[in-house]
Amino acid sequence: MAPPPKKPAVTAPSLSAPQTVAAVLRNPRALSVEVLAGVVTTLALIPEIISFSVIAGVDPQVSLLASVVLVISMSFLGGRPAMVTAAAGAVALVVGPLVKEHGVEYLLPTVILAGIVQILFGVTGLARIMRFIPRSVMLGFVNALGILIFVTQVPHLLDVPWLVYPLFAVTVLIVLGLPRLTTAVPAPLVAIVVVTAITMIAHLSVPTVADEGAIGGPLPGITELAVPLNLDTLALIWPTALSVAFVGLMETLLTAKLVDEMTDTRSNKGRESWALGLSNILAGFWGGIAGCAMIGQTVVNVKLGRARTRISTLVAGVTLLVLVTALSDLMAQIPMVALAAVMMIVAVKTVNWHSVAPATLRRMPLPETLVMLSTVLIVVVTQNLAIGVAAGAVLAMVLFARRVAHVVTVRRALSSDGNSAHYTVSGPLFFGSSNDLVEQFSYGDDPAEVTIDFTQAQIWDASTVAVLDSVQQKYAEHAASVSFSGLDERSTALHGRLSGHL
């Protein structure tokens, strides 16, 4: 009698595979990964949120509590699981001048207007324009991000007591070495706990979170509107509100795209956009500030913490709330060097080193390398990711238009009896490539019958139709007739609808 077949071994789902909240809740190991990743992310959030407060000119506790609202609300509403949204430096750079010149009371209407713009951006489907961001700009964005994260942590290692440097070394050794032994607990969490314990037990005098600003106190209530809602207020706030809206959207959607690539999953960019707007409005009413995706902290959550679901960000938001309220005294004692060391390692891991390797640069087309390096340079100089990405995208479009302007070729052939001329046009015809098309024909030398074959070409816009009308007119001035052949169905329809009306 044959032995019964063996039952297949049951294994835990791979953490690299797409995860759902329901699946994680049924898997204790996966749930522990999500929870621990959320805790680590919370600790990585604290220094940047406090820095936001300094730049924006608001109370650190206000920024921390508004970030709680952002993280938790986006955990439920957002279209990209595991992505961290809170009070970010890019938004602080935008609202800082408004607060400094006109006062913090104008923040609430500015945030509400920015949130409305983001909601409209999401529900109208405009988030799909992110598909037009070239890969070279994305690489520049990622590499510049790594540089900015690293540079912003350097001050925590300058003009500090000498004890900071051994603590820095201990943090780096744990973060880099512990994963070789076990990945059950996130190495950054262990490093921060160990260094904090050493500092507290040995009573070491080193800079801590408390030195960055006040973080304790009672929870604030709903933010009151302290300015009149009239046209004067609107005229004052709308430039800043639009900047907040689009800077937030750009950083959020680029981060979502980056996380998509890191996790081999897809996100709902439209949902992410309107959810960001709604969350910013909620944060505005409870704190008065706005935020967007936190790229460095998202890398901590997804790459170092290996989180994949909304559970991690929900845990991060709840943990941040507990730290700000019940455990504010404990959080205040965390050495800044531990947080700085973790973020420096994140920065190094964020840079796409393959993209800047000499072997890669030798193979890449020069225009794409130029776009990547320009994006990095502009971001580092302005310290604004949105400006750098926008400039890189514009440069990429200009260089692309310049390249395709020269891909159209025109070949001329005369019939054997010399009574007709035949032209063959090859390549995509649009405003950038067809403007000099009118100069490619021998109007004075051609016979009375001319045929232009577009079998290997396509008409893409009204500019090309206008050029073809000019070609016909020039041949008419030389008493020659010209006919177009080989146009595909779409080109024929476009030419037939516009020709003679431009």
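Tutor: Domain bounds are taken from an automatic or database domain assignment. Here that assignment gives domain 1 (21-355) and domain 2 (407-498). The model is predicted, so local features need pLDDT of at least 70 and side-chain atom pairs count only at pLDDT 80 or more, while totals for chains, interfaces and linings use all residues. Residues are numbered from 1 along each chain as its sequence is written, and side-chain values use heavy atoms, with hydrogens and water left out.

Student: What distance separates the centres of domain 1 and domain 2?

Tutor: Taken over C-alpha atoms, the centres are 56 Å apart.

Student: What is the mean pLDDT of the chain?

Tutor: pLDDT is the predictor's confidence in each residue, from 0 to 100. Its mean over the chain is 85, and 93% of the residues reach 70 or more. Over residues 7-18 pLDDT stays under 50, and the model has 14 contacts beyond four places in sequence for this stretch; contact means heavy atoms within 4.5 Å.

Student: How is a pair of packed helices described?

Tutor: Two numbers are used: the angle between the axes and the distance between them. Helices (H or I, at least four residues) are DSSP runs numbered from the N terminus. Axes are lines fitted to C-alpha atoms over the stretch in contact, and angles run from 0 to 180 degrees between N-to-C directions. Helix 5 (residues 107-123) and helix 10 (residues 269-285) have axes that come within 7 Å and cross at roughly 165°. Helix 5 is therefore roughly antiparallel to helix 10; angles under 35 degrees count as roughly parallel, over 145 as roughly antiparallel, 65 to 115 as roughly perpendicular and the rest as oblique.

Student: Which residue classes form the contact of helix 5 with helix 10?

Tutor: The contact has 12 nonpolar, 8 polar and no charged residues. Ala, Val, Leu, Ile, Met, Phe, Trp, Tyr, Cys and Pro count as nonpolar, Asp, Glu, Lys and Arg as charged, and the others, Gly among them, as polar.

Student: At what angle do helix 7 and helix 14 pack?

Tutor: Helix 7 (residues 164-181) and helix 14 (residues 336-350) pack at about 45°, with axes 9 Å apart. They are therefore oblique to each other. Among the residues that meet are Phe-168 and Val-172 of helix 7 and Ala-341 and Ile-345 of helix 14. This contact divides into 12 nonpolar, 1 polar and no charged residues.

Student: How do the axes of helix 11 and helix 14 cross?

Tutor: The axes of helix 11 (residues 295-304) and helix 14 come within 10 Å and cross at roughly 80°, so the two helices are roughly perpendicular. The contact includes Lys-303 of helix 11 and Lys-349 of helix 14. By class, there are 5 nonpolar, 3 polar and 2 charged residues.
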